[in-house]
Amino acid sequence: MSQYFDDLETRSAETRASDLAKALPEQIARAKALAGYARSFANVDPSAIKTVADLASLPVLRKSELGKAQSEHPPLGGFNAIPVSDFAHIFQSPGPIYEPGGNGHDWWRMGRAMHAAGFGSDDIVQNCFAYHLTPAGMIFENAAKAVGAAVVPAGIGQTELQVQAAAAIGVTAYAGTPDYLKIILDKAAEMGVTLNITKAAVGGGALFPSLRQEYADRGITCLQSYATADLGNIAYESPSMEGMIVDENVIVEIVTPGTGNPVAPGEVGDVVVTTLNPDYPLIRFATGDLSAVLEGQSPCGRTNMRIKGWMGRADQTAKIKGMFVRPEQVAALVGKHDDIQKARVIATRSGEMDVMTVQIETDSTDADAYAKSIAETLKLKGKVELVSVGSLPKDGIVIEDQRKYD
């Protein structure tokens, strides 16, 4: 197997800049013709946008704005460059926000990340990302096809059956959230079953160093990628495991949160991404994730810009067990119950797993009474702690992430 997915990964800085100077004006022109950009791009001259620095003159597109546009011009807000019926799939994320997907070769560009993680035509991949409504399952299935691997479309849950399938089929590789592989491995050990998984491509949550080391101790090389439902792959790890290399078909800027102003090199800021996907152009799309540029070139030989990886959220939104939990969801939970005065979600770690605790200010003494609406509203099950009215801090925080990322 070749060390690189394609020749784009080892372009010189001059070649990459030259290619961008051609591709970027074309993408801006494509976007300007769409209803979603009609107002904000009215005075934009696409031919003047040729470099990353030139992008700073354009407005930032925030997820809240995307959601508003979708409600006014369903289902994709006028940001799609091809008819909705020409997409292979339409997905729904919490909000709700709708995202399109295609069946074309490596449409989400995740094949590059899988290749870097060592996946190839000899592999059978247990794909444990969800396939229902959210796009992660299809993103990684599409990527596995791009590298020639076979796929077990496992999704999540039914861990005992997952173990049986992995053993019977001869699965060699895992794709899914960082935590769930440990659940499968622990269940296999409990069942006395030996699995042949030697590599893992993970995403949808932080890969903590201690968990990566546990996998290494079990003979599994685990590399992570950074992607979103809207953009596809943004950056990925190579075997050198020094930062994350930006994908070849996106442009990443790091800006001061709440603005579109680039930060100084090395400073932490909001990740803003421009995709060169011609079907669904997103220009300066603010992810709400924090990161920083990692200066220098990767030792693996790939030459594109690197970022330090996911370093938390620019807002209070937190990703827990691979799912985003947003402040508006916490507000909706409070609104469902007349006896709840206030609520606070706390994200922690226990035994290499994410834990969500929901603290509820109420005079009630029945914690179980809230479990169902928590699962329905936050889309996750969590511990419930009842606290006395007035006891939660008045600091404006409704989602507190206590996990450590270093």
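## The largest cavity

In this predicted model, the lining of the largest cavity splits into 7 nonpolar, 2 polar and 1 charged residues. The residues around this space are Met110, Ala113, Met114, Ala117, Phe140, Ala201, Leu223, Gln224, Ser225 and Glu237. Two elements each give two or more residues to that lining: helix H4 (111-116) and strand E8 (221-228). E8 supplies the largest share, with 3 residues.

How much volume does the largest cavity have? The figure is about 50 Å³.

## The second largest cavity

The structure has 2 cavities of 30 Å³ or more. The second largest cavity holds about 30 Å³ of space. To find it, look for Pro100, Trp107, Trp108, Ala229, Asp230, Leu231, Gly232 and Asn277, which line it. Sorted by class, that lining has 5 nonpolar, 2 polar and 1 charged residues.

## Where H9 meets H10

Now for a pair of helices. Helix H9 covers residues 327-336 and helix H10 covers residues 371-378; their axes come within 9 Å and cross at roughly 145°. Is the crossing of H9 and H10 left-handed or right-handed? This one is right-handed.

Which residues do the meeting? On the H9 side you'll find Gln329, Val330, Ala332, Leu333 and Lys336, and on the H10 side Ser373, Ile374, Glu376, Thr377 and Leu378. Taken together, the residues of this contact come out as 5 nonpolar, 3 polar and 2 charged.

Notes. Residues numbered from 1 in each chain as written. Predicted model: local features only at pLDDT ≥ 70, side-chain atom pairs only at ≥ 80, totals over all residues. Heavy atoms only, no water. Axes fitted to C-alpha atoms, helices over the stretch in contact; angles between N-to-C directions. Helix = DSSP H or I, 4+ residues; strand = E, 2+ residues; numbered from the N terminus. Left-handed = near helix turned anticlockwise from the far one by under 90°. Contact = heavy atoms within 4.5 Å. Nonpolar A, V, L, I, M, F, W, Y, C, P; charged D, E, K, R; others polar. 1 Å grid on protein atoms, 1.4 Å probe; cavity = no way out; pocket = protein on both sides within 12 Å on 5 of 7 lines; lining within 4 Å. Points joined across faces, edges and corners; volume = space filled by probe spheres on them.
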